[in-house]
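Student: I'd like to learn how to read a few features of a protein model. Could you walk me through them?

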Amino acid sequence: MEKQELIRDMQDMIQGYDRILFLRCDLPKINGLFSRYSDKQIKKSVLLLPKEKVGICLNGMDCTLLDTESGDAIRKLYHTYEFSNKFTMLSAGSNFGTILNYVNTGLLSLEAAASALLD
Amino acid sequence: MDKVHYKEMCENLENMFQSGVFAGRKIYLFGHCNATEALSDALMEKGIRVCAILDNNEEKHGKFYHDIPITAPREILQETSGSSAVCIAARAYEAMAQQLRSMGYTDRIYKMVEYDSFAEYSLSEETIKRKRERLERGLARHNNLSEKYSGYMKIFCPFNALGDICFAMSYLPYFLARHGIAECVVCVIGQACAQVVGLFGDYPTEIFSQKEMDETIQAVIYTEDKNSFIAHQDRPYVVNLHKALYIKCIPLEQIYCCGVFGLPKETKPYKPTLWKPYADLDKIPKGKSVILSPYAKSVTALSNNVWEQIVEYYIERGYKCFTNVAGDEKPLPGTLPVSPKLAQVQPLAEHAGTFIGIRSGLCDVLRYAACKKTALYPDYNYCDTKWKAIDMYALEGWENIVVKDDFLWKKN
């Protein structure tokens with residue numbers, strides 16, 4: 001994906017959605033989070049995820065599949081600055097704290113963590 | 001509000017005042033917090049009256065700061081176009097400005113201080129170019145740091161707040177042990193935070209400005225450097241721990257233990273131990289003195305009446321009262337000033353016998369002091385959650401008191 005195209009797509013998503021979730025591919029817990037995702041969500045969300053994760057696409061939630069190059073470009077853009085508070089990247093966060101730590105330490109259920117992230 | 005940000009805000013205010021941007025406009029502030037109160041005071045000194053403080057917290061609506069009403073943000077839509085301006089001195093500036101625009105507010109919005117250099121809600125070429133340059137500066141600094149501390153884990157404490165440093169240092173040893181890390185360097189903002197690090201051990205410490213810290217942390221995020229760790233509960237923007245607070249109250253202690261460091265909730269925090277003696281203890285009557293701490297940079301101030309009641313109570317009972325002051329802070333009426341270094345504050349409080357302070361990071365530093373300790377909590381919600389400050393910050397072994405409008409100091 002060309003840089004300008006990426007930016008335009010991102011701008012369109014920010015205009016069109018309340019929440020943009022970008023799913024990194026290296027997350028052991030993430031399937032669990034989304035398989036338990038319910039219809040409670042009221043915000044209009046889109047899930048960006050690597051092509052190989054197509055099975056996670058859920059009813060009622062738009063999905064966009066990304067090739068490796070596009071996923072990396074979005075990751076780098078998000079890691080350059082916070083360009084929107086609608087955009088959330090879900091990752092294991094190996095060099096900072098993450099909500100998944102609450103699940104691992106028993107403070108939060110998986111459902112609660114998913115609900116918090118999608119709020 | 002810390003001095004660096006206060007100075008920046010006042011300089012911005014002066015420039016805006018000189019250029020006449022406020023002339024003929026009704027001025028509103030957005031977000032009732034310590035910084036907004038300071039901004040209100042600064043505007044007042046320039047003869048500019050604030051019409052209202054807008055705030056999303058319904059519990060604050062109908063209350064006042066001095067005689068300025070706190071109202072819902074939508075109230076500003078009553079103003080005719082071109083007649084008003086909103087000034088924001090808050091970390092969430094970008095989101096707040098976006099909220100006002102989404103509501104239909106079209107007049108001027110001013111960022112009074114740069115609290116969050118990570119955020120800029122734009123994908124314009126100019127913004128991306130500027131943020132890329134900022135990242136490059138961070139990458140260069142991060143490289144230098146990595147060369148200086150080759151083989152060390154770099155621990156970043158991204159905000160100038162004593163309490164956050166205390167919590168980070170309380171659990172850091174477990175984190176290092178769990179990951180088999182032999183050596184680390186702790187990166188902080190300002191001397192005070194470095195002093196707090198020093199209470200926990202002989203850690204190499206690097207002191208950054210906020211701008212340097214933000215840029216370096218951006219580089220850590222971008223490179224996903226495995227030899228760096230950001231030890232904070234809600235900074236920078238990639239940290240999503242605060243989202244859990246929308247559904248569950250998790251006290252700050254557990255946020256650090258479990259959320260930041262991923263440790264079991266039963267983990268016992270390390271205590272600060274490397275205290276130094278306070279030189280002028282002979283001027284403090286042992287066991288018959290009270291150290292009062294009324295100032296905090298991130299918490300809205302308590303009314304003078306609260307402190308007057310407390311001072312009067314103790315003086316009547318033969319105590320000598322002292323106010324912990326720094327810089328140009330004034331001691332409370334009827335008290336004497338004391339200015340211990342952070343490493344001296346626990347020995348001082350233990351000698352005095354009683355410590356009473358607004359709930360601030362200093363209370364975290366003094367958390368284990370062997371004396372009577374009282375923390376006073378302004379009646380406010382933690383960030384944009386439904387939890388009260390006392391729910392998040394209550395200290396074990398302390399008397400924790402919420403100060404409401406009808407506060408009466410009573411002791412048995």
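Student: How many bridges join strand 5 of chain B to strand 6 of chain B?

Tutor: Keep in mind as we go that this is a predicted model. Strand 5 (residues 84–88) and strand 6 (residues 108–111) of chain B run parallel, with 4 bridges between them. For one position to look at, take Cys87(B), whose bridge partner in strand 6 of chain B is Tyr110(B).

Student: Through which helix does the chain cross from strand 5 of chain B to strand 6 of chain B?

Tutor: Through helix 3 of chain B, residues 93–103, in a β-α-β crossover that is right-handed.

Student: What about side chains in a strand?

Tutor: In a regular strand, side chains alternate between the two faces of the sheet.

Student: What does the domain assignment of chain B give?

Tutor: Domain 1 covers 3–111, domain 2 covers 125–260 and domain 3 covers 281–403. Taken over C-alpha atoms, the centres of domain 1 and domain 3 of chain B are separated by 30 Å. Their contact takes 7 residues from domain 1 and 8 residues from domain 3. On the domain 1 side, the residues divide into 3 charged, 3 polar and 1 nonpolar.

Student: And between the chains, how many residues does the contact take from chain A and from chain B?

Tutor: Chain A gives 32 residues and chain B gives 39. On the chain A side, helix 1 (3–16), strand 4 (87–90), helix 4 (100–104) and helix 5 (110–118) each supply at least two residues. Helix 5 of chain A gives the most, with 4 residues.

Student: How does that side of chain A look by class?

Tutor: The side of chain A that touches chain B has 16 polar, 13 nonpolar and 3 charged residues.

Conventions. Residues numbered from 1 in each chain as written. Chains lettered and ligands numbered in written order. Predicted model: local features only at pLDDT ≥ 70, side-chain atom pairs only at ≥ 80, totals over all residues. Pairing = 2+ DSSP bridges. Right-handed = clockwise from strand over helix to strand, strands pointing away. Domains from an automatic or database assignment. Contact = placed C-beta atoms within 7 Å. Nonpolar A, V, L, I, M, F, W, Y, C, P; charged D, E, K, R; others polar.
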